[in-house]
Amino acid sequence: MKTFIYLLCTFCLLESFCFAQTSSKKFSAEGEFTANCEGPAVDSEGNVYAVNFARDGTIAQMNKRGKSGFFITLPKGSTGNGIRFGDKNTFYVADFTGHNVLKVDIITKTVTVFANEPKMNQPNDLAITKTGHIFCSDPNWKDGTGQIWHVSPEGKTRLVAEKMGTTNGIDISPDEKTLYVNESVQRNVWAFDLASDGTLTNKRLIHTFADGGMDGMRCDVEGNLYIARHGKGEVAVLSPDGKVIQTITTIGKKVSNICFGGSNGKTCYITLQDRGCLETFKAKTAGREWQMMETYSAKK
């Protein structure tokens, strides 16, 4: 019995150590994307999408092996940032130069304006509920301020949080009762109670980083937050209550965003603005967005 307990403890320690020492590896070819390399998102077939391929205003599609090609060009005056799928064949794009949330049909490759809001500074990243409520982070980099917009399933916009810092990465907890947003310059991570109509209340600070920046952010199915640490060269994993439980070292330094995909939802893809490409690593737990895609794909 003592031998069994010793072996079990050793295994747990090794597993914990391996989990804490994760680093990323190359996925797509370096230099294919511009310095605004962002996105990313994964479809039901495992293809990865990212914005600003070769030139700004484009979206690329990459297969499971990282081979990239042009997918679509956005309308004139539009430049993509965050991407989120709303169903199996539809994704939404934060258009930071056009003040839009764009809607893309991946079958027909049709691009339409789902929501336009002239009062937006520059829509940055998106989060979405299972019923199609979209939340958009909206930083003002010049003034160091930001806000959050709610876009209804009908495409109507509503300001739901204001007077914040430079709002950037944003996502929703698996039970859809909490919305998380980070502030890149101020290095804060905030949580809000989320109502079914998109109203946000009970704003609370769950973590502040001492250095480095922050960019895109995604939840896994257990509610942990995977945060792109722009300029720091890492992805930080926070528990739902804001404790750092893992750090993934990346090849590039300017990590801009992250998504989950792969056959079991545990493959993470990250965009690197200084390398102009994507990198990848394995997570311990599947991503919430992958779980949502499984639900979308099951619908007839």
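**Close-up views of a predicted model**

**View 1. The largest nonpolar core and residue V101.** In this predicted model, the largest nonpolar core holds 29 residues, of which Y49, I59, I83, F91, V101 and I134 touch the most other members; such a core is a set of buried Ala, Val, Leu, Ile, Met, Phe, Trp, Tyr and Cys residues joined through side-chain atoms within 4.5 Å. Strand β7 (residues 90-95) gives the largest share of this core, 4 residues, strands (E, at least two residues) and helices (H or I, at least four) being DSSP runs numbered from the N terminus. Leaving aside residues up to four places away in sequence, V101 is in contact with Y92, V93, T112, V113, F114, A115, L126, I134 and V151, where contact means heavy atoms within 4.5 Å. Another core, of 15 residues, lies apart from this one and includes V235, I270, L272 and A283.

View 2. S24 sits in the loop between α1 (2-20) and β1 (25-26) and is buried, with a relative accessible area of 9% (buried is under 20%, exposed over 50%, partly exposed in between; 1.4 Å probe, protein chains only). Its side chain makes a polar contact of 2.6 Å with the side chain of E279 (a pair of N or O atoms within 3.5 Å, one able to donate a hydrogen and the other to accept it), and a polar atom of the S24 side chain lies 3.4 Å from the backbone nitrogen of I251.

**View 3. Confidence along the chain.** The mean pLDDT, the predictor's confidence in each residue from 0 to 100, is 93 for the protein, and 93% of its residues reach 70 or more. Over residues 1-21 the pLDDT is below 50. Where pLDDT is low, predicted coordinates should not be read in detail.

**Notes.** Residues are numbered from 1 along each chain as its sequence is written, and side-chain values use heavy atoms, without hydrogens or water. Local features need pLDDT of at least 70 and side-chain atom pairs count only at pLDDT 80 or more, whereas totals for chains, interfaces and linings use all residues.
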